[in-house]
Amino acid sequence: MSTIRNYSTRKVVWCLLSAVLVAVLVVACSQQPASTSSTTGSAPAAKRVPAGQDNSGFLTDYSNLDPHPTIEGALTYIHPDKLQGLRNYVAMIVDPVEVYVVSDGDPSSIPEESLSTLTGYFQYAITSAVADVFPIVDEPNPLALRLRSALVGVDVGEGAIGGELSDETAQPLARSINISDVIVEFELVDSESGEVIAAAVDNATLGSGAQVSATHFSRMERFEAAKSAFDEWAGRLRDFLDAAHEIEGGEDEERANESYQPYSG
Amino acid sequence: MIRFGLVLAGLLLGTGIGLAEKAVDATFHGYVDSDICAHVMVGPITDKRIECSKNTAKDGSNPVVLRGTDGGVFEVKNPKAAKKTVGEFAKVTGKLKVKAGTIKVESVEPVERSAIPADEVATTLMEVRHYRRSGDPVYEQVRHTLAMMPYVSQFDFISFTMADDHVILTGWTVRVNNRKQAYRRVQEIEGVGKITNNLEVLPMGPNDMNIRAQASARLKRLLGRYFWGSGSTIKISVKNGDVILLGNVAREADSELANIQCNTIPGAFHVFNLLRVTPGMKN
């Protein structure tokens, strides 16, 4: 009898604790996946693309970029020394995303909340895209890359877009943000020395017609185009990393195959 | 509010309440191994394997239990209970968590190999005659597939063995993707039946990362011929301060040099030198 009572009491306690945990998780998960990176801190202030220039100035060097053989619209660079290059690294620090507004735009016109909404989701998207191949770490290390990224060509809308928001936790932004002509720039640098190991300018304007005018926009159907664009840019970064890690034919393939001899009992 | 919520959730999960996996009572025949050898010397339990288990356990590698029915490796949560039986076949009873890969041992009774019933899967997995070797077409295809995995670095040691059509994947990797990809790619090979994935994803704590960086720099400087653009014949696994050297070198002197270099890395607790000397290998 006492065993039954103990069992029932345990069951009630178990149910209560589970309910508390579920409630806590619901609260926690209802927040925007803003800062998923190991790097904390708010997004840097927006900058402006210099007028009359071909590029934003975000990358250290644009002169060494070449069209990628398989990723259409992407200009890329990879450090030529194989032993010191991309394959030498096994972890990543993800820096806060930077924003460059169009050359006739005014960076100060983007409210901080709008900026963090935009960069927060993109940082979440790129972290999700790379974390299983480059575990995210906090501290610089000779084996860790630092990923710098920028959304270039952001435009500021006239004001908030009207209409009801389907997600109750979302808030309308004071100014909507237009990402129709945005391109993305990435740079992977050695986290200790700062040497550029790889870089890419992704000229694919995937956000055509897309805008963001609410926090938590990624959960609302009306902002699906913006969410898809961010996810796709992140996916293309992953494609770039995957392509760079493929074992090339010839000597590399031969050595990899010959050297792989599993141990046995 | 969010922080409070996350802290509370963390506390609940940390104390084993909530969504944690429930342990199940289990009794099975198996082999008590060391953590190192269970991840390296996959395959039948030979004299060489038993020697490896005992030696590495003596040097501080924790005991694990190799379940005979599927070759699954389980970390022993109460290592003292199993330490004396490392290198022996045993009937193991305890609380098992399959997903977490752990067991809290209640009893470990050493048994003779012959005491394991002949019709148990355990017998298949422990006897040499069931194992496929280099030269077998399916074995070779599995080997080639794993050799061509793109994200394998000098810090990833991926090994396998094959008993009949059962592939057991093992080793250590720093990338979650390698564990998933090894399984997926092998699953697609015709002739492969069951797969047990014992490939362990290593933590990326700052101390282990520093050890990896130093070991890599030292070995590349002094033994650079074993490293090339997309891979290496020397593998450096670092787990909680322990360095495990694996792979092939051409000379005993190279193996000793690697051992000495890693032994003097600040923060490294112990070096398990399991490098194989293969005279005449290409480097």
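Student: What pattern does chain A follow along the sequence?

Tutor: Chain A reads α-β-β-β-β-β-α-β-β-β-β-β-α-α. Helices (H or I, at least four residues) and strands (E, at least two) are DSSP runs, numbered from the N terminus. This is a predicted model, where local features need pLDDT of at least 70, side-chain atom pairs count only at pLDDT 80 or more, and totals for chains, interfaces and linings use all residues. Residues are numbered from 1 along each chain as its sequence is written, while chains are lettered from A and ligands numbered from 1 in the order in which they are written.

Student: And how many helices and strands in chain A?

Tutor: Chain A has 4 helices and 10 strands.

Student: How much of chain A is buried?

Tutor: Of its 265 residues, 41% count as buried. A residue is buried if 20 or more other C-beta atoms lie within 10 Å of its own, exposed if 12 or fewer, and partly exposed in between, with C-beta atoms placed from the backbone.

Student: Okay, helices. At what angle do H2(A) and H3(A) pack?

Tutor: About 35 degrees, with the axes of helix H2 (residues 112-130) of chain A and H3(A) 9 Å apart. Axes are lines fitted to C-alpha atoms, for helices over the stretch in contact, and angles run from 0 to 180 degrees between N-to-C directions.

Student: Which classes of residue make that contact of H2(A) with H3(A)?

Tutor: There are 10 nonpolar, 2 polar and 2 charged residues. Ala, Val, Leu, Ile, Met, Phe, Trp, Tyr, Cys and Pro count as nonpolar, Asp, Glu, Lys and Arg as charged, and the others, Gly among them, as polar.

Student: New topic: where does Glu248(A) lie?

Tutor: In the loop between helix H3 (224-245) and helix H4 (251-259) of chain A.

Student: Why is Glu248(A) classed as exposed?

Tutor: Because 11 other C-beta atoms lie within 10 Å of Glu248(A).

Student: What does Glu248(A) touch?

Tutor: Not counting residues up to four places away in sequence, Glu248(A) touches Glu253(A) and Ser230(B). Contact puts the C-beta atoms, placed from the backbone, within 7 Å.

Student: Over to chain B. In what order do the barrel strands go?

Tutor: In chain B, 5 strands close into a barrel in the order E1-E2-E3-E5-E4, with mixed pairing. Two strands pair if DSSP finds at least two bridges between them.

Student: How many bridges join E1 to E2 there?

Tutor: 5 bridges join strand E1 (residues 24-34) to strand E2 (residues 63-67) of chain B, and the two run antiparallel. Tyr31(B) has Leu66(B) in E2(B) as its bridge partner.

Conventions
Two residues are in contact if their C-beta atoms, placed from the backbone, lie within 7 Å.
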